[in-house]
Each structure stands twice: as C-alpha cells, then as structure tokens.
Amino acid sequence: MQVTSPLAQESTPAWHSPDWVTAKARAAYFHVSVKGILADGKAEQREGKAFAVGPNLLVTSQHLVGGASDWAPATGFAKEVSRALRAVQRSITLQRAGGAPTKIENPNVLADIDLTGDAAGISIHTLTLDSRFRLSMCDIVAGRKYASIMTSAETPSDPTSIEQALLVELNAVGYQPAKYGPLYVFDLLDNPRFNGEPDGHDGSPILDEDGSVVAVVSAVTAEAGGNGYKILATPVQPQFPSAAALLARAPDVTAGADGGLKCSLSETVKRINDQVSAHAVWTLRVDREADGRPNDEIFIRYESVADEPNIDTIKVGFDFYGKQRKEAPIRRLTYPDTTINEIALTRSEPFSNREFPTSELVLEGKRQVETLLNEKKEGGYVDYVEVRIYETHLIDGRTLTKETVLDFKWKQP
C-alpha cells in the first residue's frame with residue numbers, strides 16, 4: 001500500500017478528466033452482493049461497492065462483508081478444516097461495468113482486526129486486475145475538496161447500478177464523534193444527478209486530487225430539512241491499523257506500475273534513503289610544501305551512506321581571507337584582476353574514488369593573490385582559504401544546492 005501529504009489545492013485533480021473516471025469506474029470499481037446465513041440462522045443479503053487496490057485485492061466496507069463471527073459456520077468441511085478456515089455461510093458476487101457477475105464461495109476476507117474502522121479487504125486468487133486504485137495514508141485536510149466514485153442509479157443497491165458510475169465532489173468537514181463516532185464527515189457538493197438512497201454506496205472510494213484513495217464510504221445520510229447529504233467514511237490512515245496489512249497479505253502486490261500505496265512506508269523509506277544517501281560529509285586534504293604553503297593540488301573528499309560513489313560533479317566557490325596590510329583586520333581579500341573564484345570539478349578515476357582534486361584554487365592564490373600582496377609591500381598575507389561547495393550533481397541526475405563551507409590555513413608553521 002502507500003503514505004505523503006495531499007497535493008496543492010491549485011493543481012488539477014486527476015479525476016477532472018472524464019477518461020480517467022470512466023477507465024477507473026469500468027476496470028477497478030465493483031458492485032458487491034453479499035448473501036449468507038447469519039449466526040442466528042436468518043438469511044441476509046447486503047449490497048454495496050468495492051474497488052481494486054491490487055491485482056487480486058479489493059477494498060470495501062467492513063459492515064458489508066461482515067466479520068467471521070457474524071455468519072453461521074460453513075457446512076461440508078471436516079471440523080478441523082472448518083476451524084482452520086473459519087469458513088462461514090457467505091458468498092460474494094462481484095460485478096463490473098460491462099461484465100458478467102462473478103460468484104465467489106467462501107471468499108478470503110481480510111477484515112479490520114480490531115473493528116475500529118469500517119473497511120475490509122477481499123482477496124481473490126482467481127482475479128487479475130491491471131487497473132487499480134492507489135491507497136493513501138495521507139491525512140485528510142478539512143476544507144479541501146475530494147471526490148468519490150459512486151452511482152447515479154435510481155437504486156444504488158441494484159447490481160446494475162455499477163453501469164451508472166458517477167463522480168461525486170465532496171468537501172472534507174472533519175470528525176463529529178458525538179454524532180458519527182470515528183467516521184470522517186464529508187459534505188456532498190451540489191450534484192443533481194446523485195441519488196441519496198443510502199443503501200448501495202457503501203465501499204466506494206473517496207479520492208484526493210491525484211486519484212489516490214483517502215477513505216472508504218461507510219454510509220450516506222440525508223440532512224434534516226432536505227439540506228443535502230453527509231458522506232461518512234473510514235479514513236485509510238495510520239489510525240486504521242489494517243490499511244497496511246491489506247496489501248501486505250495480498251498476493252502479487254508489487255505487480256504493475258500504478259499499484260501500491262501513496263504515502264506508504266516503502267515509499268517513505270525510499271524517499272528518506274534517497275535523501276540520506278544524497279547527504280555528503282565533505283573534508284579537505286591539503287598537502288604542504290616545505291615552507292608550509294599548500295602544494296598545488298588539494299583534494300575535496302566526501303563520505304556518504306551510499307554503497308557506491310553517487311556524486312559526479314560539484315561546483316565550488318572560494319575566497320581568500322587575510323590582511324592587505326599588517327595593521328588591517330583579517331577580511332576577505334579582493335582584487336579586481338583576480339581571474340577566477342568559481343570552478344567545476346569532476347570526480348577522479350577510478351569509479352570507487354570519492355575525491356575531487358583541483359590545482360586551480362592554489363594556483364590562483366599563488367599566481368594572483370600573493371603576487372598582488374607582495375607588489376603592495378604593505379606586510380599583508382593570506383591567512384586562510386574558504387571553500388564553498390554550492391552545487392552537487394548526483395549520478396542519478398539530481399542536483400542539490402545545499403551549501404557546505406570548508407576552509408584551510410594557507411600556511412602552516
């Protein structure tokens with residue numbers, strides 16, 4: 001599955017494209033019919049929706065599929081097998097737009113373990129889906145616009161309602177625990193085609209701007225006095241413990257380029273690893289001549305957690321600090337005819353090397369700065385050199401602009 005912050009409100013939502021909505025509604029959005037015998041012996045039928053998040057995995061409302069204890073134990077299995085399977089008298093029929101109904105006996109239902117959230121997974125080994133939604137573990141932001149794929153059918157609980165998938169725009173309100181417990185409240189924005197019949201919408205996805213699922217519809221309720229509808233939903237966030245477990249327990253979760261979870265642990269770890277591996281600790285190596293001045297070549301070296309060298313080139317600026325006359329304070333030395341104070345360096349061979357050698361910096365100090373100081377004959381001297389690594393080019397094509405400042409004494413006793 002997946003976990004990051006929602007996109008900026010100014011961006012164009014993915015679901016504003018009619019083609020995107022149509023493709024997702026036909027390929028990864030299902031009507032779910034659940035039939036069975038309850039634990040008390042009564043026949044039960046429930047209708048709702050589900051959506052694919054993996055090649056073999058659907059997410060829907062927990063109350064729609066029910067927990068194992070809600071249903072009577074299945075018959076026909078040996079007692080030991082029945083205990084191991086926790087098989088129950090329940091079947092699930094799935095239907096996609098333009099497709100035939102598919103009935104599944106004793107489906108593998110991955111329910112919310114502690115029942116604090118109203119979402120569950122249905123793992124179906126006979127199903128292989130190329131198109132699916134991506135789960136998000138990002139926080140829902142109150143006041144931000146979201147959307148849900150629901151239905152405009154007159155009877156949303158009818159399996160054929162899947163043929164009339166509708167994009168419903170929502171405004172995130174927040175939690176109202178006194179009225180709705182742990183469910184998140186969304187207001188339905190003006191949408192005359194939406195049918196507020198409460199049954200049959202449960203299990204629909206609520207999407208953020210890039211089309212990732214932030215919540216699962218748990219209920220639709222009409223406001224008193226005909227003042228619109230509230231869409232109540234279970235967020236797919238860290239507070240919903242089985243969100244990450246759903247995909248972790250499903251087969252082939254990594255298949256496909258659009259699979260997985262936005263703001264996921266794996267995505268977060270990768271992002272952190274990218275940032276950490278790009279972080280470099282820089283040092284200077286300065287070899288000295290007999291009089292204590294630097295040898296012509298100095299070496300700018302880095303260490304990082306990357307297994308292999310990952311920095312190709314760097315851009316370096318430098319300045320000389322010292323006195324232009326004996327009585328003056330130490331300050332940056334400036335001369336109008338100094339030719340360079342910036343250089344670009346390429347990592348030296350072999351590939352395993354993490355050093356950037358340069359002779360230009362020292363040669364500039366000797367050729368220009370010291371020469372000009374000697375010409376003035378005022379007792380001035382170079383005290384130290386400041387080296388600024390202000391641009392780092394990584395092998396993977398990224399450019400980092402965080403500046404690192406190093407310095408070294410120009411002359412040592």
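Q: What makes residues of α7 count as buried, and which are they?
A: Being buried takes under 20% relative accessible area. In this predicted model, the residues of α7 that fall below that cut-off are L361, V362, E364, G365, K366, Q368, V369, E370, L372 and L373.

Q: How do you know that the span of helix α7 agrees with what it should be?
A: Let's check it together. Helix α7 has 17 residues (360–376), and at 1.5 Å a residue it should span 24 Å. The expected span uses one less than the number of residues. The end C-alpha atoms are 24 Å apart, so the two values agree.

Q: Where does α7 bend, and by how much?
A: The bend is at E370 and comes to about 30°. That is the angle between axes fitted to the seven residues ending at that position and the seven starting there.

Q: What makes β3 and β4 a pair?
A: Pairing needs at least two bridges. Strand β3 (residues 43–52) and β4 have three, in the antiparallel sense, so they qualify. F51 stands opposite V59 in β4, and four residues lie between the two strands of this hairpin.

Q: How do you know that β4 pairs with β8?
A: Four bridges join β4 to strand β8 (residues 120–123), against a requirement of at least two, so they pair, running antiparallel. Here V59 stands opposite G121.

Terms used
Residues numbered from 1 in each chain as written. Predicted model: local features only at pLDDT ≥ 70, side-chain atom pairs only at ≥ 80, totals over all residues. Heavy atoms only, no water. Buried < 20%, exposed > 50% of the residue type's maximum accessible area, 1.4 Å probe, protein only.
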